[in-house]
Amino acid sequence: MPTFQVPPEHIAAAWAVGGKDIERACAYGNVDVPELVAKIGSFEWQFWIIWSETDYAGAIVTAIEVWPDHKALRIIAAGGDGKTREMAQETLEAFARAEGCKHLIMWGRKGWQRRLKDWRVSRVEMTKEIAP
């Protein structure tokens with residue numbers, strides 16, 4: 001499936017197409033949508049649109065993380081067709097390689113393990129809300 005990184009001048013139009021899917025994904029992962037939109041708008045994070053042969057299929061937001069010994073491309077949020085990450089993986093890997101990244105990293109619901117066969121679980125992130 002064709003996956004395109006949205007150029008700066010088309011972010012608003014692309015958000016109108018894929019933004020709702022990203023917002024739904026953010027709700028699962030406790031990602032702050034206004035912060036995500038600001039980081040996309042400042043080009044700190046990347047916004048991707050995925051097309052099937054004829055229609056919109058999904059959207060992904062990524063961020064390049066710089067660690068002391070390597071860089072990684074983190075998938076912050078993905079939404080749309082149930083196979084969104086799988087459809088975009090080849091393009092995201094090529095982008096990550098071009099940016100000098102050694103890994104793709106993502107948070108996700110446990111169910112993604114069944115779909116992403118060539119990924120390994122390296123950690124589980126758990127969150128507990130603390131009452132005021």
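Not counting residues up to four places away in sequence, V61 touches I22, L36, I40, W45, Q46, F47, R74, I75, I76 and A77, where contact means heavy atoms within 4.5 Å. This is a predicted model, in which local features need pLDDT of at least 70 and side-chain atom pairs count only at pLDDT 80 or more, while totals for chains, interfaces and linings use all residues. Residues are numbered from 1 along each chain as its sequence is written, and side-chain values use heavy atoms, with hydrogens and water left out.

V61 is among the residues with the most contacts inside the largest nonpolar core, which has 18 residues; the others listed are I22, L36, I40, W45, F47 and I76. A nonpolar core is a set of buried Ala, Val, Leu, Ile, Met, Phe, Trp, Tyr and Cys residues joined through side-chain atoms within 4.5 Å; buried means under 20% relative accessible area, exposed over 50%, and partly exposed in between, with a 1.4 Å probe and protein chains only. At least two residues of this core come from each of α1, α2, β2 (45-51), β3 (56-66) and β4 (71-80). Helices (H or I, at least four residues) and strands (E, at least two) are DSSP runs, numbered from the N terminus. The largest share of the core, six residues, is supplied by α1. A second, separate core of 16 residues includes L92, F95, A96 and L116.

The two helices also pack against each other. Helix α1 (residues 11-29) and helix α2 (residues 33-41) meet at an angle of about 145°, with their axes 11 Å apart; axes are lines fitted to C-alpha atoms, for helices over the stretch in contact, and angles run from 0 to 180 degrees between N-to-C directions. On the α1 side the contact is made by I11, W15, I22, E23 and C26, and on the α2 side by V33, L36, V37 and I40.

Strand β3 also holds T62, which counts as buried because its relative accessibility is 0%. Its side chain makes a polar contact with the side chain of Q46 at 2.7 Å, and another of 2.9 Å joins the side chains of T62 and W48. A polar contact is a pair of N or O atoms within 3.5 Å; within protein, one must be able to donate a hydrogen and the other to accept it, and residues adjacent in sequence count only if both atoms are side-chain atoms. Leaving aside neighbours within four places in sequence, the contacts of T62 include L73, R74 and L92.
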